[in-house]
Amino acid sequence: MSETTAPVTTAASVASVSAAPAAGRARAARIALRTLTVLLALFYGVASALPKLIAHPTAVESFDTMGWGSAAMYLIGVLELAGAVALLVPVLSGVAPIALSALMAGAFVVQMSYFDGENAATPLVLIVPLALLAWTRRRSNADLVRLVKRRA
């Protein structure tokens, strides 16, 4: 008579097999969020802030149309650049998307008020990934509060 042996499955081996795909998904999610963060930082720093900070004619024309002048153009450019940099700073990565979302809400109102909604969808579309980043990085806000309280 021959004996057959069945493989013994332990709880630890089942857990390690099921943890591998979960770890892979978590790593893929972290990479996707980092990529999104870098892309948003590049957009706000290069495509949005830079034209305002170098007084590109299209930016100057837009702010002249609104009657806001160059001071407002430079201020908004600096705020966008600061938001872009803050997206990449770990302790500020939770508050930066919130601040940029507020800036985008203002941009939406401006588009509707002064430009008849011509590009009003752009700020709304940008709020979606910013909200995702704000949600996923909400713990860094607690770290920031602890850091500020410690220094106060």
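Biologist: Among contacts between residues at least 6 apart in sequence, what percentage join residues at least 24 apart?

Modeller: This is a predicted model, in which local features need pLDDT of at least 70 and side-chain atom pairs count only at pLDDT 80 or more, while totals for chains, interfaces and linings use all residues. Residues are numbered from 1 along each chain as its sequence is written, and side-chain values use heavy atoms, with hydrogens and water left out. A contact means heavy atoms within 4.5 Å. Of the contacts between residues at least 6 apart in sequence, the share joining residues at least 24 apart is 65%.

Biologist: In what order do the elements of the protein run from the N terminus on?

Modeller: Helices (H or I, at least four residues) and strands (E, at least two) are DSSP runs, numbered from the N terminus. The protein has six helices and zero strands. Read from the N terminus on, the order is therefore α-α-α-α-α-α.

Biologist: What percentage of the residues in the protein is buried?

Modeller: A residue is called buried under 20% relative accessible area and exposed over 50%, with partly exposed in between (1.4 Å probe, protein chains only). Out of the 152 residues in the protein, the buried ones make up 26%.

Biologist: Which buried residues does helix α5 have?

Modeller: Helix α5 covers residues 121-136 and reaches 24 Å from its first C-alpha to its last, close to the 22 Å expected at 1.5 Å a residue, where the expected span is 1.5 Å times one less than the number of residues. Its buried residues are Pro 123, Leu 126, Pro 129, Leu 130, Leu 133 and Ala 134.

Biologist: How many residues apart in sequence are the parts that Lys 52 and Glu 80 tie together?

Modeller: Lys 52 forms a salt bridge (a side-chain nitrogen of Lys or Arg within 4 Å of a carboxyl oxygen of Asp or Glu) with Glu 80, and their closest N and O atoms are 3.2 Å apart. Because Lys 52 lies in helix α1 and Glu 80 in helix α3, the pair ties together parts whose separation in sequence is 28 residues.

Biologist: In which helix do Arg 146 and Asp 143 both lie?

Modeller: The side chains of these two residues meet in a salt bridge at 2.2 Å, N to O. Arg 146 is partly exposed, with a relative accessible area of 48%, and Asp 143 is partly exposed at 36%. They are three residues apart, about one turn of the helix, and both lie in α6.

Biologist: Which helix contributes the largest share of the nonpolar patch?

Modeller: Such a patch is made of residues with over 30% relative accessible area and no salt bridge, with nonpolar side chains (Val, Leu, Ile, Met, Phe, Trp, Tyr) joined within 5 Å. Its members include Val 38, Leu 50 and Leu 88, and the patch has about 650 Å² of accessible area together. Leu 50 counts as partly exposed because its relative accessibility is 39%. The largest share, five residues, comes from helix α1.

How values were computed:
Patch = residues over 30% accessible without salt bridge, like charges linked within 9 Å, V, L, I, M, F, W, Y side chains within 5 Å. Areas by Shrake-Rupley, 256 points an atom, 1.4 Å probe, with all protein chains shown as cover.
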